[in-house]
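Subject: Structure handover and notes

Hello,

Here is the structure I said I would pass on. Please have it open while you read the notes below it.

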Amino acid sequence: MYDYCVIGGGIVGVATARRILERRPGASLLLVEKATALAAHQTGHNSGVIHSGIYYEPGSLKARYCRRGARWTKEFAAAHGIPHRVCGKLLVATDAAEHERMLALYERSVTNGVEVERIDAAELARREPHVTGVGALYVPDTGIVDYTRVTEVLAERVRAAGGDIMLGAEITAIDENTDAVTVSGPAGTWRTRRLVVCAGLQADRMARLAGLPIALRIVPFRGEYYQLPPERSDLVRTLIYPIPDPELPFLGVHLSPTVDGGLTVGPNAVLGLAREGYRKGSLDLRDAREVLGYRGFHRVAAGNVRTGLRELRNSLFRRGYLAQCRKYCPELTLADLLPREAGIRAQAVLPDGTLAHDFLIERTPRSVHVLNAPSPAATSALPIADHIADRLDD
């Protein structure tokens, strides 16, 4: 019997395994991951941004953990030789309405304790000659990193502390009783005194396997990216983000330098019909049936008809996608949008159609389940791991 078992080999699961073993030297721990590699899903399919915490509801787990996690991520990357860079971020307002929202976002950033600078159109043009706007917020602490590499180094620390990691091990049954939790699947059966589930895109299914009385469901949203040609990789020096619309659930299409010297643009947000299908047009009948038959999704769709249609159009036709980018970077052309693998966001949706905006973590007497951990979960992974370890101690 293991002292601890962690289901999920993304950055949150691996960081949690590492933190448990740091707190409990000599404990036995098993981490199981369905995929044949770590960081195979959300962790390995994002833009690599070390977020600053500017957007999130003051006092929320996201606001608190993102700030702390950004600092820890940079320190961890520096200590282990992981490529990273603090390049800063500009949130660009392109018209009067966005400028008003920008001012409100500035006030939120002050409340959240995030260092931010307001700049006018002239200063924006001086800093980023290829970007156009009526003003911007500059967040100097935002950075970029390779989260897959962060996860791999965390896994090395898990193994060095005596933890076992098993890949290609899908879990199809979870049985908790007063003495232990038994997890099993085609690859084997294991007993553990304490279980942690960080299953991302499969979080709701794992929770139901364990008998949690949850009503939410994970709805997958595809985020489609493009890669700019190498000769355009120096188009901007900082991350360039639009001013988010508070009525919409996602941040919008942004330009993101990468640690390998590239420059990406994206993501959009379209409904995914396969939780783990990254190719455009991917379809999993079970996944599609669960989403399309869920009343919570019906209510999300009804409240976002125009947005959903726009995102779908932009997914099907690059000109629409390009128009989103050209609002703040007008010199981009269709030829600049080269293919890049998409990502899939695991978004928890409640039956009333509410999107769970904050991290959502529940527990049973012997297990802890991470039910909602979309962006900025990668940035916040180490504080989330602390939170989970605290719940296990409780």
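Predicted model: local features only at pLDDT ≥ 70, side-chain atom pairs only at ≥ 80, totals over all residues.

Residues are numbered from 1 along each chain as its sequence is written, and side-chain values use heavy atoms, with hydrogens and water left out.

Nonpolar cores

A nonpolar core here is a set of buried Ala, Val, Leu, Ile, Met, Phe, Trp, Tyr and Cys residues joined through side-chain atoms within 4.5 Å. Buried means under 20% relative accessible area, exposed means over 50%, and partly exposed is in between (1.4 Å probe, protein chains only). Helices (H or I, at least four residues) and strands (E, at least two) are DSSP runs, numbered from the N terminus.

The largest nonpolar core has 44 residues, and those touching the most other members are Ile11, Leu29, Leu31, Leu154, Ile384 and Ile388. At least two residues of this core come from each of β1 (2-7), α1 (11-23), β2 (29-33), α2 (61-79), α5 (147-160), β22 (367-372) and α11 (381-393). Helix α1 gives the most, with 7 residues. Another core lies apart from this one; it has 27 residues, including Leu30, Trp190, Val197 and Leu201.

Contact means heavy atoms within 4.5 Å. Leaving aside neighbours within four places in sequence, Ile388 is in contact with Thr16, Val196, Cys198, Val368 and Val370.

A residue in strand β20

Val349 lies in strand β20 (residues 343-349). Val349 counts as buried because its relative accessibility is 1%. Not counting residues up to four places away in sequence, Val349 touches Leu216, Arg217, Val219, Tyr294, Gly296, Phe297, Val300, Thr354 and Leu355. Val349 and Ser47 are 302 residues apart along the chain, and their C-alpha atoms are separated by 23 Å.

Cysteines

A disulfide is a covalent bond between the sulfur atoms of two cysteines. The rule used is a pair of cysteine sulfur atoms within 2.5 Å. How many disulfides does a search of the whole structure find? The search finds 0.

Cys87 counts as buried, at 8% relative accessibility. Cys329 is in no disulfide either, and its nearest cysteine sulfur, that of Cys325, is 8.1 Å away. Cys329 is buried, with a relative accessible area of 0%.

Salt bridges

Side chains of opposite charge can pair when their charged atoms come close. A salt bridge is counted when a side-chain nitrogen of Lys or Arg is within 4 Å of a carboxyl oxygen of Asp or Glu. By this rule there are 26 salt bridges.

Glu22 pairs with Arg19, with the closest N and O atoms 2.4 Å apart. The two are 3 residues apart in helix α1, so they are separated by about one helical turn. Glu22 is partly exposed, at 41% relative accessible area, whereas Arg19 counts as buried, at 15%. Arg19 also touches Trp72, Ala385, Asp386 and Ala389, not counting residues up to four places away in sequence. Glu22 and Arg19 belong to a network of salt bridges that links Arg18, Arg19, Glu22, Arg23, Arg24, Asp386, Asp390 and Asp393.

A second pair is Arg208 and Asp204, whose closest N and O atoms are 3.6 Å apart. Both lie in helix α6 (residues 203-209), 4 residues apart, about one turn of the helix. Arg208 is partly exposed, at 32% relative accessibility, and Asp204 is buried, at 0% relative accessible area. In a further pair, Arg222 and Glu224 meet at 3.3 Å, N to O. Arg222 and Glu224 are both buried.

A patch on the surface

Patches are made of residues with over 30% relative accessible area and no salt bridge; like charges are joined within 9 Å, and nonpolar side chains (Val, Leu, Ile, Met, Phe, Trp, Tyr) within 5 Å. Accessible areas come from the Shrake-Rupley method with a 1.4 Å probe, and for residues only the protein chains shown count as cover.

Leu312, Leu316 and Phe317 form a nonpolar patch on the surface, and together they have about 320 Å² of accessible area. Phe317 lies in the loop between α9 (305-316) and α10 (318-326). Phe317 counts as exposed because its relative accessibility is 51%.

Regards
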